[in-house]
Amino acid sequence: MIDTQSTIAQAIEAANPAARRSRQATVRWGSRIVTVGGAAPVRVQSMTNTDTVDAIGTAIQIKELAIAGSEMVRITVNTPEAADAVPAIRDQLDRMGIDVPLIGDFHYNGHRLLTEHPAMAQALSKYRINPGNVGKGDKKDRQFAMMIEAAVKYDKVVRIGVNWGSLDQELLAQMMDENALRAEPWDAKQVMYQALVQSALSSADYARELGLNPDNIIISCKVSGVQDLISVYRALAARCDYALHLGLTEAGMGTKGTVASSVALGILAQEGIGDTIRVSLTPQPGESRTQEVVIASEILQSLGLRAFNPSVTACPGCGRTTSTTFQELAKQIDDFLRAQMPVWRSKYPGVENMKVAVRGCIVNGPGESTHADIGISLPATGEAPAAPVFIDGEKALTLRGENIATEFHALVENYIEKRFGATA
């Protein structure tokens, strides 16, 4: 006789391999400490798209990203004027009570900026260095060393961020030449994969030679193809124990960017690969920059790796539910919970794990509502205007009449106060 329970358990275990144990980096600002890697949860990161010189505008967007759930925010530091603005941005954030660590994104002239603007170098919590954009020829090692020396001096974490759009061409050419001499040469894509990984690891080795604490090194190798990203990170994870930052570069906008990022980052995170993630989503016209944070958070929450907001499960609708009531109620509740979370995080510990169900009819509604902390099964087209409410798996009451949505909203608020307010 087949042991069904054992078979299911084995299948679940096989689908959730032990997490890769990486080094643990510590990103600090004041009393705020964000651990990355080791046993720490996968962290959500984002990046501004403001002109860094606009200190107030940049600080406002950073605040929005932090409130949305970004645990670190990267800003462009590309000119002396931008470098001078960084301390002002940090000061503005501190006055607003936003202690999110800032990451400086450096290309081409980072060695000069970090050397000539010490206040900026200290105000940042982490530096992002792209080995492909540090310099060429004999300048490369010297300019890279200047950046690492600043990180050592101020005890900052460094992300060595390789990108296939700016891959070290000298290294790639060398590896192509070596590949041509192989008895069985790899195809060009395999050489590129190896060049990405080699660029990151050799840069990390050099940083350590210059005195950078290996625990202060995070690595990324970003590409824009889903299968390419998965292949590169699997190879990278197998060859090092550094904390890894995940991101599908230039993922795109809307549905395309969301789906591509979710598939690539979800597969890697499920395999235990990745310690921070960023969804590089091109905003739709008029769309908030915070959407990339929402998607990154949802990826981790869907995998069961993190809990950021109470989850609202809702019926997709069918011919039995021509009314839009359940759709409107689901959105209302979801929007309400997300809007309140910045306040609730400290007021109601554990509320992010709450599950709410809004179902559309009698077919699956009552049964699925019992699996939520609080759920409602709305009447379908032609059914009596009665909506049973289930709390902690038990039917608690039935709402009737014209004000079902308003009354359920109040029940959710009351449930949160009673269940999670007691532990505050």
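**Rings, core and barrel**

User: Which residue lies over the face of W186?

Analyst: A charge counts as sitting over a ring if NZ of Lys or CZ of Arg is within 6 Å of the ring centre and within 35 degrees of the ring normal. Over the face of W186, at 3.7 Å from the ring centre, lies R182.

User: How should I read the numbering and the values?

Analyst: The model is predicted, so local features need pLDDT of at least 70 and side-chain atom pairs count only at pLDDT 80 or more, while totals for chains, interfaces and linings use all residues. Residues are numbered from 1 along each chain as its sequence is written, and side-chain values use heavy atoms, with hydrogens and water left out.

User: How many aromatic pairs are there, and what is the angle between the planes of F144 and Y206?

Analyst: Rings of Phe, Tyr and Trp (its six-membered ring) pair if their centres lie within 6.5 Å, with planes under 30 degrees apart called stacked, over 60 edge-to-face and the rest tilted. By this rule there are 4 aromatic pairs. F144 and Y206 form a stacked pair, their centres 5.7 Å apart and their planes at an angle of 20°.

User: Which helices does this pair link?

Analyst: Helices (H or I, at least four residues) and strands (E, at least two) are DSSP runs numbered from the N terminus. The two residues are 62 residues apart and link distant parts of the chain, with F144 in helix 6 (residues 138–154) and Y206 in helix 8 (residues 188–209).

User: Is F144 buried or exposed?

Analyst: Buried means under 20% relative accessible area, exposed over 50%, and partly exposed in between (1.4 Å probe, protein chains only). Y206, at 24%, counts as partly exposed. F144 has a relative accessible area of 5%, and is therefore buried.

User: In what order do the strands close into a barrel?

Analyst: Two strands pair if DSSP finds at least two bridges between them. Strand 6 (residues 126–129) and strand 7 (residues 157–163) run parallel and are joined by 4 bridges, with R128 standing opposite R159 in strand 7. The pairing in the barrel is parallel, and its 8 strands close in the order 3-4-5-6-7-8-9-11.
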